[in-house]
Amino acid sequence: MKPPPFEYYAPTTVEEALAGLAEHGYDAKPLAGGQSLIPMMNFRLAQPSVLIDLNNIPELAYIRPDENGGVLLGAMSRHKTVGNDALIAAKVPLVHEAIKNIGTPQIRTRGTFGGSLSHADPSAELATVSVALNGRFKLRSQKGERWVQANEFFIGSFTSALEPEELLVEINLPCQPEHSGWSLVEVARRHNDFALIGVAAVVELDGNGNCERARMVFLSAGDRPMEAVQAAGLLNGQKPTADIIQAAADKAASADIDPGGDIHATAEFRRHLAKVLSRRALHEAFKRALGGIGNTNE
Amino acid sequence: MNNLFNLSVTVNGTLYEREVEPRLLLSDFLRHDLGLTGTHVGCEHGVCGACTIQFDGEPARSCLMFAVMADGHNVTTVEGLGTIDKLHPLQEAFKEEHGLQCGFCTPGFLTTLAAFLEENPDPSEEEIREAISGNLCRCTGYQHIKESVKTAAERMRA
């Protein structure tokens, strides 16, 4: 339960951190909050020979509005800070809700938004809601920077689009528009445990009360945040009736996700939960979109 | 690889300067290098909460930090909360309300809760439960722990 030796660097600017990554490449790991990386090193599942500690880089920790009414977060924004932030609660309430489900109070004082995304755990709430909100991430290296859409960032289990010399430096989340609603529901044996499965739903209504756009993204339902594209197709352009919602939930659980079985739950049980949770999430999201006055007959 | 790092950290108000290996966990540094054995080590992967300390006032898992990350920072361990002669109100309440049996988990509860009550001096039942959700007690003591928190909170508000 002790990590193997490594070389340690504590840069104070992003430039220095990128220089370290450029020099050490595959052998190096950026250290953000350390709430996933350090346990993996304690178990020796991860054995980086160089750690580049990002905790002394003040320019990576901020939350501010962008030009389009959305929010920009520095990668080293800690969960607790994000959870208590008024701008986040107002512009992206789905993120505010997600934070409550992350780890324990002691994990949330250290863990960071960018660290969680870079870890690319398919059971992570922030990865899932970032895809549901159609967010994008800024990746930087010494060669330059690029923006990657959240749904293209997560490639597989613990695998992201990050190149070894790249650092995720900023998260951009569009504002949840008017006439939109959201929901995040998950099932865990105990609060704070990794969820057996969960789903984030974001819906937008047009002037006639029809579903203009729906997005449902599952966690712990495949090797990355799993977007229910076929289910969303059933909802688009439709009145969100109980029947349509049930049909979308059935489609999501049967066709859109690829849950595995393990000691915590069988794949079949996860599919069952997916169906129930999708229905609940869609009802709640549409209800919020209608400003709480709508009745979708749950 | 034997690259030593010059660490300078304030623990319970005292500045310590030590040479450490980067891979040394903060929990082991506190126990082995400083002899502050009040910080307990349970699971060493961030689940049990026994090793919780306050890092710049915020409760954190010392097994999920390297000692080098504490360079220039303030750490408070259970030894920094109260003394034998003058216990912290939480320690007093844990003693009176039977908030512990074997005591292994207790330092983690105390450091977590001391920070929690600073932030939230009048917590609801639900908030207390959430606050201690990251600390495992296997002597089945949660009920008494909760009562201890209420008693301590009342006294600290008075």
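1. Val9(B) stands opposite Tyr16(B), a residue of β2(B). The strands concerned are β1 (residues 5–11) and β2 (residues 14–20) of chain B, which pair in the antiparallel sense over seven bridges. Strands here are DSSP runs of E of at least two residues, helices are runs of H or I of at least four, and both are numbered from the N terminus. Two strands count as paired if DSSP finds at least two bridges between them.

2. A note on the basis of these points. This is a predicted model, in which local features need pLDDT of at least 70 and side-chain atom pairs count only at pLDDT 80 or more, while totals for chains, interfaces and linings use all residues. Residues are numbered from 1 along each chain as its sequence is written, and chains are lettered from A and ligands numbered from 1 in the order in which they are written.

3. β1(B) also runs parallel to strand β5 (residues 74–76) of chain B, joined to it by two bridges. There, Thr10(B) has Asn74(B) as its bridge partner. The hairpin of β1(B) and β2(B) has two residues between the strands, and Asn12(B) in this hairpin takes a positive phi near 50°.

4. Most residues other than glycine have a negative phi. Arg44(A), not a glycine, has a positive phi of about 60°. Arg44(A) sits in the loop between α2 (37–42) and β3 (50–53) of chain A, and is exposed, with 11 other C-beta atoms within 10 Å. The cut-offs, with C-beta atoms placed from the backbone, are 20 or more others within 10 Å for buried, 12 or fewer for exposed, and partly exposed in between.

5. Asp56(B) likewise has a positive phi, near 50°. Asp56(B) belongs to the loop between β3 (52–55) and β4 (58–61) of chain B and is partly exposed, with 13 other C-beta atoms within 10 Å.

6. In helix α8 (residues 125–132) of chain A, eight of eight residues are buried; among them are Glu125(A), Thr128(A) and Ser130(A). After α8(A) comes Asn134(A), with a positive phi near 60°.

7. Leaving aside residues up to four places away in sequence, Ala274(A) touches residues including Ile197(A), Val199(A) and Phe218(A); contact means C-beta atoms, placed from the backbone, within 7 Å.

Conventions: Two residues are in contact if their C-beta atoms, placed from the backbone, lie within 7 Å.
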